[in-house]
Amino acid sequence: MTEHEQIEFDVLFVGGGPAGLAGAIRLMQLAKEEKREIEAALIEKGAEIGSHALSGAVLNPVALKELIPDYREKGCPIEADVRDDEFYYLAPDRHYPIPFVPRYMHNRGFHIISLSAFCRWLGEIAEEMGINIFPGFAGKKVLYGPDGKTVAGVRTGDKGLDKEGNAKGNFEAGYDLIAKITVFGEGARGSLMKEMDRETGIFSGKMPQLFETGIKEVIALPQKNYFTASRGNDLHFMGYPLGFDTPGGGFIYEMQKNRIAIGYLTALCYENPRTDPYEEFLKFKQHPFVADIIKDGKVLEQGARTVSTGGYFSMPKLAADGAMFIGGAAAMHNTPGLKGIHISMKSGMLAAEAAVDALKRGKFERESLAAYPEKFEKSRAKTEMYEGRNFAQGLSKKGILKLLYLGSQYFTQGRGVRDFMPAEADSSTLRPLKTSPVLYSVDPKSIDNVLHVDKLTGVYLSKTMHREDQPSHLIIHDKDVCVQKCYPLYGSPCTRFCPGNVYEIETEEAQPRLKLNPSNCLHCKTCDIKDPFANITWTCPEGGEGPEYRTV
Ligand code: SF4
């Protein structure tokens, strides 16, 4: 049996996104204020802090100001301040400026950031303050104490296994990182939290989790471009190509050096199994108005992520025995405002405060960590999330009902005509292929692999790397389900919803066969969420692999 060396900490943060990093910094601030020795660590599955944090985003600086009031002086990497918002409805060939920008989408004065650069900066501060940062270490398994239910830490993945799971010459066993308190900030659809839900029901009694898949790029534009003379530098789009019934939309943010971040999100409640979020992104870029903004540009970097949009009612229990849950992993996001970084940061900071209280008392069961959910309930972050509590659910409705629900929510601080509005899990919404309309695809001749790139070029531009000779991190529970049920009924939607071209169906022989290319995986988790038979489980591959986002 493999021996796993044990390392002990007071607090362990799992995930080096804004939630975990803000939490780690707050923890060290409190330790300094109270002159307490706190041994804390943070693990991140990417090769570096920030390498799995994808390109441009709008940051409401409310939590940052509280955490690091002199953030500008400390060199916070800000791409641009939002000078104004522009909001458009896209019809197939036209665009219509929407004069009324919903209040939650007012971003003037907020900051446009590269999330990757922002996380690297936070990581440096956390490290300077004494956090032990371990990039390249993926949490593979939750460890429990002798009672079988108190979280005792996390085991990191073994490195150097071959495809069959046998140790090779360079084998390095994972570590057992033992902690009094483990704070999970894995990002949307955290694999460890999914495992914990099976074992301890942290999501039980909650609304289903809802997600959107976003494809994003950083594009270099000519020196004279749309933003040279535009009113706003924070552009949002609704309408084309998804239309009215399937939620989703696009954005373009101005960045430094004539660069932009552009992205398109497709809600995973879509019904047509022919839907391909990557194709929707290409169609968005080729809309005449958008095409004019990005003309003569060159894609520098591409990537994909899911965003957890289910909102307040889909949040898990925020504390368990020995554990707390923060950020996107805990469904924290202001869905109507299309922003979540500030809420994630605040959740990490509140968890850190509760951790210090618990360390003082020397008690780490759920009740002793309850200060975190209590503080969250009293926070502005909760107020924001509570206002959007029925938003994604209303957005998933069709036709006039959608307008009725969203309109009434707008004027009743989120309550609408139906509070605690139910929604189906994203894995349950697909209709059979034969009753689903054929969707048009972009003209293959328009793919020049400069401004419009295909999926495989996108994988290349994400700098995704995985060692080929290792056990697949994508677990297909029953391959017969893929070919005997999913293929005839839905036409294998995994071959379309995956932006990394990881899934292929080979049909040369009498029986179709599923082929996997796990080394292309962008770690977006769409397959884990949208597979209609829940037949795919995404797990962390060896630490230090996956995308390497760091263009800016
Ligand atoms: Fe995303 Fe899954 Fe494809 Fe990886 S295999 S890129 S997680 S859909």
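Reader: Leaving aside neighbours within four places in sequence, which residues is His333 in contact with?

Author: Happy to start there, with the reminder that this is a predicted model. His333 sits in the loop between strand S20 (323–325) and H7. Leaving aside its neighbours within four places in sequence, His333 has contacts with Val307, Ser308, Thr309, Leu338, Lys339, Gly340, Ile343 and Met385.

Reader: Is His333 buried or exposed?

Author: The cut-off for buried is under 20% relative accessible area. His333 has a relative accessibility of 12%, so this residue counts as buried.

Reader: In what order do the 3 strands of the open sheet with S3 stand?

Author: Strands S3 (56–59) and S4 (80–81) stand at the edges, each with a single partner strand, so one side of each lacks a neighbour in the sheet. The pairing is antiparallel, and the order is S3-S7-S4.

Reader: What angle does helix H7 make with S3?

Author: Helix H3 (residues 115–128) lies across S3 and S7, at about 80° to S7. Helix H7 (residues 341–361) also packs on the sheet, where it touches S3 and S7. The direction of H7 makes with that of S3 an angle of about 65°.

Reader: How many of the 14 residues of H3 are buried?

Author: Among the buried residues of H3 are Leu115, Phe118, Trp121 and Ile125. The buried residues pack against helix H1 (18–33), S3, helix H2 (62–67), S7, strand S8 (132–135) and H7. H3 is largely enclosed by the rest of the structure, because the buried count among its 14 residues is 11.

Reader: How far apart are the end C-alpha atoms of H3?

Author: H3 has 14 residues, and at 1.5 Å a residue they should span 20 Å. The model agrees with this, because the end C-alpha atoms are apart by 20 Å.

Reader: What separation do the C-alpha atoms of Glu127 and Ala24 have?

Author: Glu127 belongs to helix H3, and it is partly exposed, with a relative accessible area of 48%. Along the chain, Glu127 and Ala24 are 103 residues apart. Their C-alpha atoms are separated by 9.1 Å.

Reader: Which residue of S17 is the bridge partner of Ala220?

Author: Strand S14 (residues 211–220) has 9 of its 10 residues buried, so the rest of the structure largely encloses it. S14 is joined to strand S18 (residues 298–308) by 10 antiparallel bridges, with Phe211 opposite Ser308. S14 also pairs with strand S17 (residues 259–267) in the antiparallel sense, over 9 bridges. In S17, the partner of Ala220 is Arg259.

Reader: How many residues apart along the chain are Asp426 and Gln209?

Author: Asp426 is in the loop between helix H11 (399–411) and helix H12 (455–461), and at 2% relative accessibility it counts as buried. Not counting residues up to four places away in sequence, Asp426 touches Gln209, Leu210, Phe211, Leu268, Cys269, Ile529 and Lys530. The C-alpha atoms of Asp426 and Gln209 are separated by 7.9 Å, while along the chain the two residues are apart by 217 residues.

Reader: How many residues of the shell around the ligand are nonpolar?

Author: The residues around the ligand include Cys498, Cys521, Cys524 and Cys527, along with Leu474, Tyr503 and Trp538. The shell also has 1 polar and 1 charged residue, and its nonpolar residues number 10.

Reader: What phi does Arg189 have?

Author: Most residues other than glycine have a negative phi. Arg189 lies in the loop between S13 and H4 and, at 22% relative accessibility, counts as partly exposed. Although Arg189 is not a glycine, its phi is positive, at about 55°.

Reader: In which loop does Gln413 lie?

Author: Gln413 is not a glycine, yet it has a positive phi of about 55°. Gln413 is partly exposed, with a relative accessible area of 46%. Its place is the loop between H11 and H12.

Reader: Is the peptide bond from Tyr240 to Pro241 cis or trans?

Author: Most peptide bonds are trans. Pro241 is in the loop between strand S15 (234–239) and strand S16 (248–254). The bond from Tyr240 to Pro241 has omega near 0°, and it is cis.

Definitions and conventions. Residues are numbered from 1 along each chain as its sequence is written. This is a predicted model: local features need pLDDT of at least 70, side-chain atom pairs count only at pLDDT 80 or more; totals for chains, interfaces and linings use all residues. Side-chain values use heavy atoms; hydrogens and water are left out. Two strands pair if DSSP finds at least two bridges between them. Helices (H or I, at least four residues) and strands (E, at least two) are DSSP runs, numbered from the N terminus. Contact means heavy atoms within 4.5 Å. Axes are lines fitted to C-alpha atoms, for helices over the stretch in contact, and angles run from 0 to 180 degrees between N-to-C directions. A residue is near a molecule or strand if one of its heavy atoms lies within 4 Å of it. Ala, Val, Leu, Ile, Met, Phe, Trp, Tyr, Cys and Pro count as nonpolar, Asp, Glu, Lys and Arg as charged, and the others, Gly among them, as polar. The expected span of a helix is 1.5 Å times one less than its number of residues. Buried means under 20% relative accessible area, exposed over 50%, partly exposed in between (1.4 Å probe, protein chains only).
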